[in-house]
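This report covers selected features of the structure shown here.

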Amino acid sequence: MKLRWNVVAPLALLVVLAGLPLFATEYMLHIGVLVLLAAYLATGWNILGGYAGQHSLGHSLFLGIGAYTSTYLFAQIGLTPWIGMWVGALFAAIVGWFVGYLCFRYGLRGPYFALVTIALAEAMVYLVTNLNALGGAEGLDVRWVGHNPALMQFEGKTAYYYIILIMTALLLFGVQRYSRRRFGYQMIAVRENEDAAEALGVDTLAVRIRALVISAVVTALGGVFFAQYYTYINPRNVFGEGPSVQMLLFAIVGGLGTVWGPAIGAILLVPIAEFARSSLGNTFSGAHLLLYGVVLVLVMLFMPNGIVGLVQTLERRRRGGRA
Amino acid sequence: MTFSPELIAQSIITGIMIGGVFALISVGLSLIWGVMRIINFAHGEFLMVAMYIAYFLVARGGWDPYATLLVTTPALFLLGALIFRGTIRPILGHPSMNQIMLTVGLSLILQNLALVFFKADVLTTRTEYTRMILSIGPVIIRVPQLIAFIGSALTAFLLYWYLQRTDTGRAIRAAAQNKQAATLMGVDVQRIYLLAFGIGSATLGVAASLMISFYYTSPTVGLFFGLIAYVVVVLGGLGNFLGTLVAGLIIGLTESVGAAILPGSLSRVLTFALFILVLLFRPQGLFGGKRA
Amino acid sequence: MSELLQVRNLTKHFGGLAAVQDVSFDVNKGEIVGLIGPNGAGKTTTFSLLTGFLTPTRGTITFAGRRIDNLKPHVICRLGMTRTFQIVQPFPEMTALENVMMGALVHHRNIDEAQRRGRNTLARVGLAHKADTPGRELTLVEQKRLEIGKALATEPQLLLLDEVAAGLREAEVDVILDLVRQLNTEGITLLIVEHLMKVIMNLSQRIVVLDFGQKIAEGSPAEVSANPLVLEAYLGKEED
Ligand SMILES: Nc1ncnc2c1ncn2[C@@H]1O[C@H](COP(=O)(O)OP(=O)(O)O)[C@@H](O)[C@H]1O
Ligand SMILES: [Mg+2]
């Protein structure tokens, strides 16, 4: 019975979401895209942050690598983003491996890892700002060539909506599946007790690096979608702290190391933030970030296990499972 | 571009001056880490708050920039102590991630509150010191930068003396070394934490007053200085007081000499490259650190 | 007789302190060897050296004919040697079954298979009824058993047990004694650190004695307990 719910509920949700474009306005679809993209990115961050327990504060590094790679390749040699996204993913994987190796080899983790990732992302902001080939501070446009599915450019929002819906569904399916496989358990073991994991034959360095690389690849693919959807990127909006903070925020609010937590966090917070942005944005451009800050502080103070964690605790208490 | 010896000499002098300030900004972060193993990711935003205080006292109140020390320092001590009491202390026993995320949240709040109150404008002061210079041969020393350097060095020295020579300072160091032992020796660790957080923040008040004559203020200014502080503390070895000071000078020199020989803001990239090199070859920082 | 483990001149310095100094001994296939010594003698440090958690300052360790003194713990575990921790190290958020499964996953990639083996192991250490309880909610006694269960699930040739009977009640100690003997008859070689003399004297075929990081005696339980050096090491020091 329990197992069925695990399958039925997500499938039902998927059907509802797939039917949304039939009656939704463009604006609703836009919000839908933002929610799904946020859910996708937060789920990707959660692989490393939630399951493997390494909290990156600079995941925009990988978002930017994906976005800039595909956009640059399209601008320079007309390469379709459908292929460019995999080049971006490859770059992100290489950078991710390098960062992971550098940090984890010497046991730099926890606060150290957070410092290093934030510094690296910020370094990219300055680097790209100074690279004229990448558009400098001005950034890059994804040149509009008209409705052209082969080049990942579409009239209207419906196609974008379906693309990010499929990406998110596949990612969630993958996390659901692999969190219950050997690698999933290994990530949790490394997070929970590194020495114990090593003693039990877990290559903790390799597991951490692998988690980082997977997370980096997922994030870079999201970056490509980001660029195609907004058709414009600049160093601050892809490499800056904004995207990094949002990724971790939704994951934390929803529940770290859970399959559905990050998506739930995004579903709850993004519409509110968008409302704040659109209603207060003219007088107060940081409204949604202020909101995020307040939410983050409150969650850390009062429900550090996020929404899913809270529900699980209540559930257990209801069943009287705790002696 | 020609790299004249004068230009290099000039940038070295400027680098040392600025490096002193970087060191002062970073020392508080390192102290807090050393004592309670917390990185305050709102460190830069604390500095931003102090700079606004200094700015308004100078620009609206007509204060002498250096007199603002009398307000910024206690104000930042208070800010640090209050934030510690209200938000960090309740979750001290929690995983370090929770404390990190909490301070990230605080930084978002402070930065965007500044945006509400002061808009995104970049504010600069013109004081009687702003244009003062000393020339030594071809090299110019800007007086406000010299004062900032001397002030930073003095503050760092005072702080070092306080930690080494006073009873409270010793208690702080004892708590940093071994919490249990310190408790057994009768040190009130909770009070020490509060004190360390307050002092670590108060150094930013000093830094703000020293910088206000030659540095602009904006809601995002903390982002830059926070980052500099992160790089400096990692370079110097987290929790290593003297290492932090030297690393501050190194970063100051890197930024300044880099700016002289590289176009645009590429010197910043040089700073980060140095950071990555250190990670590659001396991950414990140039001078060793205390890791959790 | 074939040596499974060869330790030669093993030395570990912590700053100025020689926690282990020039220690040499062998463990043969099928044996139960005891490692004893007063508190702070260097027993746990020796375990950490053998299993790769610490790198020796000097000396060599050979396991199953292969030098292992520069290998990481997980490699050594895969080669067939693993340890328990004196201070228990459960995975707090994982259930007892999942804890033990982590051991089984070393040689069995398939989750169902690992789970099946995990259940068996859990039953062997008497925790079958706690399979779904999170590690952090187990009592200390249960966590000690879990510690053995996790290590056992990796199917080691040589198992190092660090004070697994410490703090247990008489009846519980006997259960552990039976388990260790049973494991030994199944072909597992054991190196045991234990404070309780009763346990060590009962189980071990051979005993190595450390004091201040140095080996001061080696032999059968009878020989060792008659050795004046050993008596001296233990006298004047409190038993705890
Ligand atoms: N990581 C370490 N750093 C410094 N000293 C240590 C460390 N681990 C153990 N020691 C010291 O080494 C000595 C041996 O300790 P240990 O091997 O735990 O002894 P035993 O297990 O025999 O009681 C002790 O003096 C202990 O304080
Ligand atoms: Mg011991």
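## A serine in a helix of chain B

S152(B) sits in helix α5 of chain B, which covers residues 143-165; helices (H or I, at least four residues) and strands (E, at least two) are DSSP runs, numbered from the N terminus. With a relative accessible area of 2%, S152(B) is buried. Buried means under 20% relative accessible area, exposed over 50%, and partly exposed in between, with a 1.4 Å probe and protein chains only. Leaving aside residues up to four places away in sequence, S152(B) touches G20(B), V21(B), L24(B) and L210(B); contact means heavy atoms within 4.5 Å.

## Basis of the values

This is a predicted model, in which local features need pLDDT of at least 70 and side-chain atom pairs count only at pLDDT 80 or more, while totals for chains, interfaces and linings use all residues. Residues are numbered from 1 along each chain as its sequence is written, chains are lettered from A and ligands numbered from 1 in the order in which they are written, and side-chain values use heavy atoms, with hydrogens and water left out.

## Chains and overall form

Two pairs of chains are in contact, and chains A and B share the most contacts. Chains B and C do not touch, their nearest C-alpha atoms being 13 Å apart.

Chain C has nine helices and 10 strands. Its radius of gyration is 17 Å, close to the 18 Å that the globule rule gives for 240 residues, so chain C is as compact as a globular protein of that length. The radius is taken over C-alpha atoms, and the rule is 2.2 Å times the number of residues to the power 0.38. The C-alpha trace of chain C spans about 50 × 40 × 40 Å along its principal axes. Of the 240 residues in chain C, 56% are buried. Among its contacts between residues at least 6 apart in sequence, 66% join residues at least 24 apart.

## An open sheet in chain C

Four strands of chain C form an open sheet in the order β2-β1-β4-β5, with antiparallel pairing; two strands pair if DSSP finds at least two bridges between them. β2 (17-28) and β5 (66-67) of chain C are at the edges with a single partner strand each, so one side of each has no neighbour in the sheet. Eight bridges link β1 (residues 3-14) of chain C to β2(C) in the antiparallel sense. One of the residue pairs is E3(C) with N28(C), its bridge partner in β2(C).

## A covered strand

In strand β8 (residues 189-193) of chain C, five of five residues are buried.

β8(C) runs parallel to β3 (residues 32-36) of chain C, with four bridges, and L35(C) stands opposite V193(C). β8(C) also runs parallel to β7 (residues 158-162) of chain C, with five bridges; here L161(C) has I192(C) as its bridge partner.

## Positive phi values

Most residues other than glycine have a negative phi. E163(C), not a glycine, has a positive phi near 50°. E163(C) lies in the loop between β7 and α6 (170-185) of chain C and is buried at 8% relative accessibility.

K119(B) is not a glycine either, and its phi is positive at about 60°. K119(B) is in the loop between α4 (96-118) and β1 (133-136) of chain B. At 41% relative accessibility, K119(B) is partly exposed.
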